[in-house]
Amino acid sequence: MSGAALGLEIVFVFFLALFLLHRYGDFKKQHRLVIIGTLLAWYLCFLIIFILPLDVSTTIYNRCKHAAANSSPPENSNTSGSFATATPAPSQHLCFKPWSYIPDGIMPVFWRVVYWTSQFLTWILLPFMQSYARSGGFSITGKIKTALIENAIYYGTYLLIFGAFLIYVAVNPHLHLEWNQLQTIGIAAANTWGLFLLVLLLGYGLVEIPRSYWNGAKKGYLLMKTYFKAAKLMTEKADAEENLEDIMEEVRKVNESIKYNHPLRKCVDTILKKCPTEYQEKMGRNMDDYEDFDEKHNTYPSEKSLVKLHKQVIYSVQRHRRTQVQWQILLDQAFYLEDVAKNEASVAHQFVHTFQSPEPENRLTQYFYNPTVEWYWECLLRPWFHRILAVILSIFSVIVVWSECTFFSTRPVLSLFAVFIQLAENTYNYIYIEIACFLSIFFLSICVYSTVFRIRVFNYYYLASHHQTDAYSLLFSGMLFCRLTPPLCLNFLGLTHMDSSISHQNTQPTAYTSIMGSMKVLSFIADGFYIYYPMLVVILCIATYFSLGTRCLNLLGFQQFMGDNDMTSDLVDEGKELIRREKRKRQRQEEGENRRREWKERYGQNREDSTRNRNVHTNPKESNFSDVNPNRSASKYTRGNNNRTERDRIELLQDPEPMDFNADTFTDDPLDPESGRYQPGGRYLSMSRSRIFDDV
């Protein structure tokens, strides 16, 4: 089993990162480099979290082995009194090799590769790819140039911070600059930035995650919050549609001004390919597009303006598509929550859906998750499950807050994480050590990463599920993960006293802390910032508990869900009316489909029977004239003439259509509001086919 656990976790974490990226990203539409860069960033961060417990158990085993090797037995074995007073050293039989033991020399190389790769991604590659993906250039060279210009200030800021640390070390006479010390300065600067953001996100997640599960168990809470989201999403959806219409109007003007033989026509064609299909068909080239352009008399947009327009088209189309998908998902969620509220009073204990799922369910799911099981789970068991889970998560949050405030105390040991690990270390229970470490760091990462998935910076950064996250947000999330994970792991090792700089013990460090170097080069960070700044999590938890941030955002005009606010009540009522309207619309659609299905089932069989009977009656007549070819051909022509005459009678009752009539371009609006000319739609404003012959 040597190294097998490491290999299994490497494979498992890869598929976990791939699954999450598939949920938020779109493998078919987004660029491959964006998918690969984001996948690599997420994969490395998740890998650090899953492999770190193995590093801890391996380090504890190595400490035991070295302590047993250094302890020598007493010279006089007959003096039993000395054994009674001496402190027992770890015996060799207690230092058994754990099942997940990783051989020496593997973990330092592994951590070095993972850490520096993640740092290269977050500080150099991903910011450049982020600007490249958001650029509106029409060539690779243009996009690279734009990305370099946008990142010049970004890179200059971090070089300034690194230079400040470098000057501090150079001025200090007790320190001599070496390569390892420069490396330590870079690591300290990156971890300081990450720890600053980590505590902010952690303070929010420690309170908000347990509270969200507790509120989810309240009756009607999720439904009211869904109504609130519906009102806000409808506003955003309308704004996205209006923005898309404005951008498409600009594209139409550019498309009409730049002709086919203009040098910038290729740029316009590239912009048109990014537009939705209905707009592409609407902005098809006219016949006058083949006229030669005249540079003297007409003014044409510059390439710089086309680059800006291209960028706006990409953003507006992505935003419009995202709001449309989110609206449909929110409607399904609201309908389901309303079904749960209705079924709670059901006496039959059978869960009844208002709308059936369009996708057929699996037979296994239908057998085990039948309407009875669904009723007991949704109406009875799920609220209690959420309450129990909220209590457990609250206990974990209290343990984390207490340990963050007391982990610097080594005598006595006040950090509960350190107490649990030391108890397991005394008994050399490696399975318990790995489980305790994994649960602890997993809870910390959930509190931090869930906040990253929840926060939204206007419309620039937003992780939307169901494949609706744009490339910019995916790359930005990869940057955040790579910057938050190393200080998160160092904080966890400090809570468990596995970091020698915190415990102040001359023991073997973990392989992860060994690659970080000695923080004694920057003593004010190692002995000050790393120890006392995490205590700020107490203030942040109190502020989150009283919803101070939510109230401030609400005062600034960013509507947030608050139960004791008039604005929230108005938005809930508005969302409730929107959901009711969409529900009636969907019900009418289903009723229409059901009527058409019943009509087809009722009269379709009769039509088939009448056709079959007519064929039976006509076949003998045709067989009588089978010997006379002219008669049979004459009957065919006669029948054809009768059909033609019938068609002529029908056409006489129809409107005359223009010569260039095209059924594919039929629109409800016969006048194009943009050009003001008649569009071949087959009818006029003053003469409607449904009104002229109403009396006929």
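1. Buried means under 20% relative accessible area, exposed means over 50%, and partly exposed lies in between, with a 1.4 Å probe and protein chains only. By this rule Phe 438, at 26% relative accessibility, counts as partly exposed, whereas Phe 50, with a relative accessible area of 13%, is buried.

2. A word on the source: this is a predicted model, in which local features need pLDDT of at least 70 and side-chain atom pairs count only at pLDDT 80 or more, while totals for chains, interfaces and linings use all residues. Residues are numbered from 1 along each chain as its sequence is written, and side-chain values use heavy atoms, with hydrogens and water left out.

3. A nonpolar core is a set of buried Ala, Val, Leu, Ile, Met, Phe, Trp, Tyr and Cys residues joined through side-chain atoms within 4.5 Å. The largest such core has 97 residues, and among those with the most contacts inside it are Trp 42, Leu 206 and Tyr 512. Its largest share, 21 residues, comes from helix 2 (residues 32-70), where helices (H or I, at least four residues) are DSSP runs numbered from the N terminus, as are strands (E, at least two).

4. Leaving aside residues up to four places away in sequence, Leu 206 touches Ser 397, Val 400, Val 401, Phe 443, Cys 447, Val 537 and Cys 541, a contact being heavy atoms within 4.5 Å. A second, separate core of 18 residues includes Leu 244, Ile 247, Val 313 and Val 317.

5. Rings of Phe, Tyr and Trp (its six-membered ring) pair if their centres lie within 6.5 Å; planes under 30 degrees apart count as stacked, over 60 as edge-to-face and the rest as tilted. The count comes to 31 aromatic pairs, one of which joins Phe 46 and Tyr 449 in a tilted arrangement, 6.1 Å centre to centre with 55 degrees between the planes. Phe 46 lies in helix 2 and Tyr 449 in helix 14 (residues 430-454), so the pair ties together parts that are 403 residues apart in sequence. Phe 50 and Phe 438 also form a tilted pair, 5.3 Å centre to centre with 50 degrees between the planes.

6. For residues 230-257, UniProt lists "coiled-coil region" in an unreviewed entry; its positions are in the numbering used here, feature names are shortened, and annotations may be inferred rather than shown by experiment. In the model this stretch is 100% helix and 0% strand, with its end C-alpha atoms 40 Å apart.
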